[in-house]
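Trainee: I would like to learn how to read a protein model, one feature at a time. Please start with the overall layout.

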Amino acid sequence: MCRRGLRRWRRPRLSAPASPPGWASSSAFTLAAALAHAQLPRLKGYLAERETAAARMPKALRGVPGIDVPHPPSHAGPAWYALPLRYRPDQLAGLPVERFLEAVHAEGAGEVDLPGSTRALGDHPLFHTPGALLPGYADHQGLAADSFPTAQRVHGSTVKLPVWHRDQDLRLAEAYTAAIIKVAEHHKDLVK
(Lines give C-alpha, C1' and ligand atoms only; values in the text may rest on other atoms or scores of the structure.)
Protein backbone atom coordinates (compact mmCIF):
# COMPACT_ATOMS: atom_id res chain seq x y z
CA MET A 1 0.00 0.00 0.00
CA CYS A 2 1.20 3.50 -0.67
CA ARG A 3 0.89 6.51 1.55
CA ARG A 4 -2.71 7.27 0.77
CA GLY A 5 -3.88 3.71 1.10
CA LEU A 6 -4.00 2.97 -2.60
CA ARG A 7 -2.08 0.20 -4.10
CA ARG A 8 0.48 1.37 -6.63
CA TRP A 9 -0.38 0.24 -10.11
CA ARG A 10 2.36 -1.65 -11.85
CA ARG A 11 2.58 -2.14 -15.55
CA PRO A 12 2.29 -5.83 -16.36
CA ARG A 13 5.41 -7.38 -17.80
CA LEU A 14 5.01 -8.20 -21.44
CA SER A 15 6.72 -11.18 -22.93
CA ALA A 16 6.67 -12.58 -26.39
CA PRO A 17 4.03 -15.26 -26.81
CA ALA A 18 5.21 -18.77 -27.32
CA SER A 19 5.60 -19.61 -30.97
CA PRO A 20 2.97 -21.97 -32.40
CA PRO A 21 4.17 -25.52 -33.01
CA GLY A 22 6.30 -25.72 -36.13
CA TRP A 23 7.04 -21.99 -36.17
CA ALA A 24 10.38 -20.38 -35.54
CA SER A 25 10.98 -18.75 -32.19
CA SER A 26 10.39 -15.03 -31.72
CA SER A 27 14.15 -14.52 -31.55
CA ALA A 28 14.39 -15.92 -35.08
CA PHE A 29 11.88 -13.30 -36.21
CA THR A 30 13.92 -10.61 -34.45
CA LEU A 31 17.06 -11.79 -36.23
CA ALA A 32 15.26 -11.83 -39.58
CA ALA A 33 14.00 -8.29 -38.96
CA ALA A 34 17.51 -7.12 -38.05
CA LEU A 35 18.96 -8.67 -41.21
CA ALA A 36 16.24 -7.10 -43.35
CA HIS A 37 16.77 -3.73 -41.70
CA ALA A 38 20.51 -3.89 -42.43
CA GLN A 39 19.87 -4.73 -46.10
CA LEU A 40 17.04 -2.25 -46.65
CA PRO A 41 19.32 0.63 -47.79
CA ARG A 42 20.56 -1.61 -50.64
CA LEU A 43 17.10 -2.76 -51.74
CA LYS A 44 16.74 -0.37 -54.68
CA GLY A 45 20.09 -1.51 -56.08
CA TYR A 46 19.20 -5.19 -55.66
CA LEU A 47 15.85 -4.71 -57.35
CA ALA A 48 17.40 -2.76 -60.25
CA GLU A 49 19.99 -5.51 -60.82
CA ARG A 50 17.33 -8.23 -60.57
CA GLU A 51 15.20 -6.31 -63.06
CA THR A 52 18.14 -6.29 -65.48
CA ALA A 53 18.61 -10.05 -65.16
CA ALA A 54 14.87 -10.70 -65.19
CA ALA A 55 14.48 -8.72 -68.42
CA ARG A 56 17.20 -10.70 -70.19
CA MET A 57 16.03 -14.20 -69.31
CA PRO A 58 12.49 -13.95 -70.74
CA LYS A 59 13.89 -12.40 -73.92
CA ALA A 60 16.18 -15.40 -74.35
CA LEU A 61 13.36 -17.85 -73.63
CA ARG A 62 10.61 -16.14 -75.65
CA GLY A 63 9.49 -18.44 -78.44
CA VAL A 64 11.17 -21.56 -76.99
CA PRO A 65 8.76 -24.47 -77.42
CA GLY A 66 7.33 -25.79 -74.16
CA ILE A 67 8.17 -22.63 -72.21
CA ASP A 68 5.88 -19.64 -71.66
CA VAL A 69 7.46 -16.59 -70.06
CA PRO A 70 5.63 -14.07 -67.88
CA HIS A 71 4.50 -10.77 -69.34
CA PRO A 72 4.08 -8.38 -66.40
CA PRO A 73 2.40 -5.08 -67.21
CA SER A 74 4.78 -2.17 -67.86
CA HIS A 75 3.62 -0.35 -64.72
CA ALA A 76 4.41 -3.34 -62.48
CA GLY A 77 7.53 -3.44 -60.33
CA PRO A 78 8.12 -7.12 -59.61
CA ALA A 79 10.74 -8.11 -57.01
CA TRP A 80 11.82 -11.15 -59.08
CA TYR A 81 12.73 -13.59 -56.35
CA ALA A 82 12.33 -16.19 -59.06
CA LEU A 83 11.26 -16.21 -62.68
CA PRO A 84 8.18 -18.42 -63.01
CA LEU A 85 7.96 -20.20 -66.34
CA ARG A 86 4.89 -22.07 -67.54
CA TYR A 87 5.90 -25.55 -68.69
CA ARG A 88 3.88 -26.80 -71.67
CA PRO A 89 4.42 -30.54 -72.19
CA ASP A 90 1.92 -30.50 -75.07
CA GLN A 91 4.51 -28.54 -77.07
CA LEU A 92 7.28 -31.02 -76.21
CA ALA A 93 5.69 -34.30 -77.31
CA GLY A 94 4.28 -34.88 -73.82
CA LEU A 95 7.70 -34.81 -72.10
CA PRO A 96 6.99 -34.98 -68.35
CA VAL A 97 8.21 -31.98 -66.40
CA GLU A 98 10.29 -34.22 -64.12
CA ARG A 99 12.21 -35.60 -67.12
CA PHE A 100 12.62 -32.09 -68.53
CA LEU A 101 14.09 -30.88 -65.22
CA GLU A 102 16.37 -33.91 -65.01
CA ALA A 103 17.82 -33.00 -68.41
CA VAL A 104 18.15 -29.30 -67.49
CA HIS A 105 20.00 -30.31 -64.32
CA ALA A 106 22.30 -32.55 -66.37
CA GLU A 107 23.21 -29.44 -68.36
CA GLY A 108 24.39 -27.82 -65.12
CA ALA A 109 21.32 -25.72 -64.33
CA GLY A 110 20.64 -27.38 -60.99
CA GLU A 111 18.60 -24.56 -59.47
CA VAL A 112 15.76 -24.76 -61.98
CA ASP A 113 12.99 -26.58 -60.14
CA LEU A 114 9.34 -26.96 -59.31
CA PRO A 115 8.03 -24.51 -56.72
CA GLY A 116 7.70 -26.12 -53.32
CA SER A 117 6.99 -23.49 -50.70
CA THR A 118 5.11 -21.39 -53.24
CA ARG A 119 2.52 -24.04 -53.92
CA ALA A 120 -1.17 -23.32 -54.30
CA LEU A 121 -2.57 -21.81 -51.09
CA GLY A 122 -5.25 -24.46 -50.85
CA ASP A 123 -2.52 -27.12 -50.59
CA HIS A 124 -1.04 -25.69 -47.40
CA PRO A 125 -1.95 -27.58 -44.20
CA LEU A 126 -3.54 -24.47 -42.68
CA PHE A 127 -6.46 -24.83 -45.08
CA HIS A 128 -6.99 -28.52 -44.29
CA THR A 129 -6.40 -28.58 -40.53
CA PRO A 130 -6.69 -24.97 -39.34
CA GLY A 131 -7.11 -26.05 -35.70
CA ALA A 132 -3.45 -27.09 -35.54
CA LEU A 133 -2.43 -23.44 -35.70
CA LEU A 134 -5.64 -21.61 -34.82
CA PRO A 135 -7.24 -23.23 -31.76
CA GLY A 136 -10.50 -21.38 -32.38
CA TYR A 137 -10.92 -23.47 -35.53
CA ALA A 138 -10.27 -26.86 -33.92
CA ASP A 139 -13.65 -28.18 -35.06
CA HIS A 140 -13.54 -26.51 -38.47
CA GLN A 141 -13.80 -28.80 -41.45
CA GLY A 142 -10.90 -28.17 -43.82
CA LEU A 143 -11.27 -27.65 -47.52
CA ALA A 144 -11.35 -30.57 -49.90
CA ALA A 145 -8.04 -31.28 -51.63
CA ASP A 146 -9.56 -30.44 -55.02
CA SER A 147 -11.09 -27.09 -53.96
CA PHE A 148 -8.74 -25.03 -56.12
CA PRO A 149 -8.27 -26.85 -59.43
CA THR A 150 -7.00 -23.82 -61.35
CA ALA A 151 -4.40 -22.98 -58.71
CA GLN A 152 -3.28 -26.62 -58.65
CA ARG A 153 -3.06 -26.73 -62.45
CA VAL A 154 -1.00 -23.53 -62.56
CA HIS A 155 1.29 -24.78 -59.80
CA GLY A 156 1.69 -28.15 -61.51
CA SER A 157 2.81 -26.48 -64.74
CA THR A 158 5.16 -23.90 -63.21
CA VAL A 159 8.93 -24.22 -63.27
CA LYS A 160 10.96 -21.59 -61.47
CA LEU A 161 14.32 -20.17 -62.34
CA PRO A 162 16.40 -18.09 -59.89
CA VAL A 163 16.86 -14.41 -60.66
CA TRP A 164 20.32 -13.30 -59.66
CA HIS A 165 21.05 -9.73 -58.61
CA ARG A 166 24.74 -9.10 -59.29
CA ASP A 167 26.27 -8.03 -62.58
CA GLN A 168 28.80 -10.87 -62.44
CA ASP A 169 25.89 -13.36 -62.32
CA LEU A 170 24.52 -12.38 -65.73
CA ARG A 171 26.69 -15.03 -67.39
CA LEU A 172 25.22 -17.61 -65.04
CA ALA A 173 21.71 -16.49 -65.99
CA GLU A 174 22.64 -16.84 -69.67
CA ALA A 175 24.01 -20.34 -69.04
CA TYR A 176 20.74 -21.34 -67.35
CA THR A 177 18.61 -20.05 -70.20
CA ALA A 178 20.93 -21.80 -72.69
CA ALA A 179 20.42 -25.10 -70.80
CA ILE A 180 16.63 -24.72 -70.96
CA ILE A 181 16.77 -23.89 -74.68
CA LYS A 182 19.02 -26.87 -75.41
CA VAL A 183 16.76 -29.32 -73.59
CA ALA A 184 13.64 -27.90 -75.27
CA GLU A 185 15.28 -28.14 -78.70
CA HIS A 186 16.30 -31.78 -78.09
CA HIS A 187 13.12 -32.87 -76.34
CA LYS A 188 12.43 -35.62 -78.88
CA ASP A 189 15.57 -37.41 -77.72
CA LEU A 190 14.16 -37.49 -74.19
CA VAL A 191 10.69 -38.82 -74.94
CA LYS A 192 10.60 -42.58 -74.69
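Mentor: The chain of this predicted model has six helices and three strands. Helices (H or I, at least four residues) and strands (E, at least two) are DSSP runs, numbered from the N terminus. Along the sequence the pattern reads α-α-β-β-α-α-β-α-α. Residues are numbered from 1 along each chain as its sequence is written, and side-chain values use heavy atoms, with hydrogens and water left out. As the model is predicted, local features need pLDDT of at least 70 and side-chain atom pairs count only at pLDDT 80 or more, while totals for chains, interfaces and linings use all residues.

Trainee: What percentage of the residues of the chain count as buried?

Mentor: Of its 192 residues, 25% are buried. Buried means under 20% relative accessible area, exposed over 50%, and partly exposed in between (1.4 Å probe, protein chains only).

Trainee: How do I read two packed helices?

Mentor: Packed helices are described by the angle between their axes and the distance between the axes. Here, helix α2 (residues 43–61) and helix α5 (residues 170–185) pack at about 20°, and their axes are 10 Å apart. The axes are lines fitted to C-alpha atoms, for helices over the stretch in contact, and angles run from 0 to 180 degrees between N-to-C directions.

Trainee: Are α2 and α5 roughly parallel or roughly antiparallel to each other?

Mentor: α2 and α5 are roughly parallel. Angles under 35 degrees count as roughly parallel, over 145 as roughly antiparallel, 65 to 115 as roughly perpendicular and the rest as oblique.

Trainee: Which residues of α2 and α5 meet?

Mentor: Ala53, Arg56, Met57, Ala60 and Leu61 in α2 meet Leu170, Ala173, Glu174, Thr177, Ile180 and Ile181 in α5. Contact means heavy atoms within 4.5 Å. Take threonine 177, which is found in α5. Threonine 177 is buried, with a relative accessible area of 4%. Not counting residues up to four places away in sequence, threonine 177 touches Met57, Ala60, Leu61 and Leu161.

Trainee: How do strands form a sheet?

Mentor: Strands pair through backbone hydrogen bonds, either parallel or antiparallel. In this model three strands form an open sheet in the order β1-β2-β3, with antiparallel pairing. β1 (67–68) and β3 (158–162) stand at the edges with a single partner strand each, so one side of each lacks a neighbour in the sheet. Two strands pair if DSSP finds at least two bridges between them.

Trainee: How many bridges pair β2 and β3?

Mentor: β2 and β3 pair over five bridges. Arginine 86 has threonine 158 in β3 as its bridge partner, and leucine 83 has leucine 161.

Trainee: What about the faces of a strand?

Mentor: In a regular strand the side chains alternate between the two faces of the sheet. Both faces of β3 are covered, with Thr158, Lys160 and Pro162 buried on one side and Val159 and Leu161 buried on the other.

Trainee: What does the phi angle tell me?

Mentor: Most residues other than glycine have a negative phi. Alanine 93 has a positive phi, near 55°. Alanine 93 lies in the loop between β2 (82–87) and α3 (97–106).

Trainee: Is glutamate 51 buried or partly exposed?

Mentor: Glutamate 51, found in helix α2, is partly exposed, with a relative accessible area of 36%. Leaving aside neighbours within four places in sequence, glutamate 51 is in contact with Pro78 and Trp80. Glutamate 51 and tryptophan 80 are 29 residues apart in sequence and 7.1 Å apart in space, C-alpha to C-alpha.
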